Amino acid sequence: MNLRPSSRAAATTLAALAALAALMSTPAGAGERTGLPADVPAAYAQECASCHIAYPPGLLPRESWRRVMSSLGRHYGTDASLDGALQRQIEAWLVAHAGTSRKVVREAPPEDRITRSAWFEREHRAVNAQTWRLPSVKSAANCGACHPGADQSDFDDDRLRLPEGLSGAERRRWRD
């Protein structure tokens with residue numbers, strides 16, 4: 001291609017913008033939506049994150065989010081009922097940003113629990129059952145016990161924090 005200097009600069013700028021747009025629209029992990037989208041509704045943060053972290057919607061498939069939102073009256077042992085309009089707003093956002101990767105949509109996890117999904121269990125296979133029951137952890141749903149950035153959708157293994165109460169042997173195992 002024979003471009004003049006100004007055309008060459010414009011082409012370079014366009015190529016850089018296209019690359020940046022591709023990076024922003026495709027998070028790490030070949031199309032997985034693992035972080036919180038930029039457009040988190042205030043209602044989601046206020047209502048859902050008042051009891052647990054604001055789980056990134058990409059961690060469950062659409063149908064799971066639809067079932068979770070349709071059963072808020074018995075939300076994993078709690079009545080989390082919402083006003084109809086608010087429920088529809090949050091559900092629409094969750095479904096719009098639901099997981100689309102093979103890892104997430106292959107099959108809905110039992111009881112639509114993120115912690116029962118195949119990918120979650122695979123990622124946490126080295127965590128023994130006793131660790132989940134530690135007072136500092138309480139359950140697999142308490143992501144912040146080990147992932148200090150969980151409230152910002154940062155689940156990077158390089159930033160894991162060992163939960164309080166681990167035995168010496170478990171601490172050594174985690175460090176390996």
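This passage walks through the fold of one protein chain, from its overall layout to a few individual residues.

The model is predicted, so local features are described where pLDDT is at least 70 and side-chain atom pairs where pLDDT is 80 or more, while totals for chains, interfaces and linings use all residues. Residues are numbered from 1 along each chain as its sequence is written, and side-chain values use heavy atoms, with hydrogens and water left out.

The secondary structure comes to 8 helices and 0 strands, where helices (H or I, at least four residues) and strands (E, at least two) are DSSP runs numbered from the N terminus. Read along the sequence, the pattern is α-α-α-α-α-α-α-α. Of the 176 residues in the chain, 32% are buried; here, buried means under 20% relative accessible area, exposed means over 50%, and partly exposed lies in between (1.4 Å probe, protein chains only). A contact is defined by heavy atoms within 4.5 Å. Among contacts between residues at least 6 apart in sequence, 57% join residues at least 24 apart.

Which residues of α3 are buried? Ser64, Trp65, Val68 and Met69 are buried in this helix. They cover an arc of only 130° around the axis, which puts them on the same side of α3; the arc is that of the directions from the helix axis to the C-beta atoms. The buried residues of α3 pack against α2 and α4.

The structure holds 3 aromatic pairs. Rings of Phe, Tyr and Trp (its six-membered ring) pair if their centres lie within 6.5 Å, and the planes count as stacked under 30 degrees apart, edge-to-face over 60 and tilted for the rest. The rings of Tyr44 and Trp93 have centres 5.0 Å apart and planes at 45°, so this pair is tilted. Because Tyr44 lies in helix α2 (residues 42-48) and Trp93 in helix α4 (residues 84-96), the pair ties together parts that are 49 residues apart in sequence. Tyr44 is buried at 2% relative accessibility, and Trp93 is buried at 7%. Elsewhere, ring pairs link Trp119, Phe120 and Trp132 into a cluster. One of these rings has a charged neighbour: the charged end of Lys103 sits over the ring of Trp119, 4.8 Å from its centre. A charge sits over a ring if NZ of Lys or CZ of Arg is within 6 Å of the ring centre and within 35 degrees of the ring normal.

His75 is found in the loop between α3 and α4 and counts as buried at 17% relative accessibility. Leaving aside residues up to four places away in sequence, His75 touches His52, Val68 and Ala80. Glu107 lies in the loop between α5 (102-105) and α6 (118-123) and is exposed, with a relative accessible area of 54%. Glu107 and Ser64 are 43 residues apart in sequence, and their C-alpha atoms are 9.7 Å apart in space.

Most residues other than glycine have a negative phi, and most peptide bonds are trans. Asp112, not a glycine, has a positive phi of about 55°. Asp112 is in the loop between α5 and α6 and is buried, with a relative accessible area of 10%. Lys138 also has a positive phi, near 75°. Lys138 lies in the loop between α7 (129-132) and α8 (168-175) and is exposed at 65%.

Finally, how many disulfides does the structure hold? There are 0 disulfides, a disulfide being a pair of cysteine sulfur atoms within 2.5 Å. For Cys51, the nearest cysteine sulfur is that of Cys48, 8.6 Å away; Cys51 is exposed, with a relative accessible area of 68%. For Cys143, the nearest is that of Cys146, 9.0 Å away; Cys143 is buried, with a relative accessible area of 13%.
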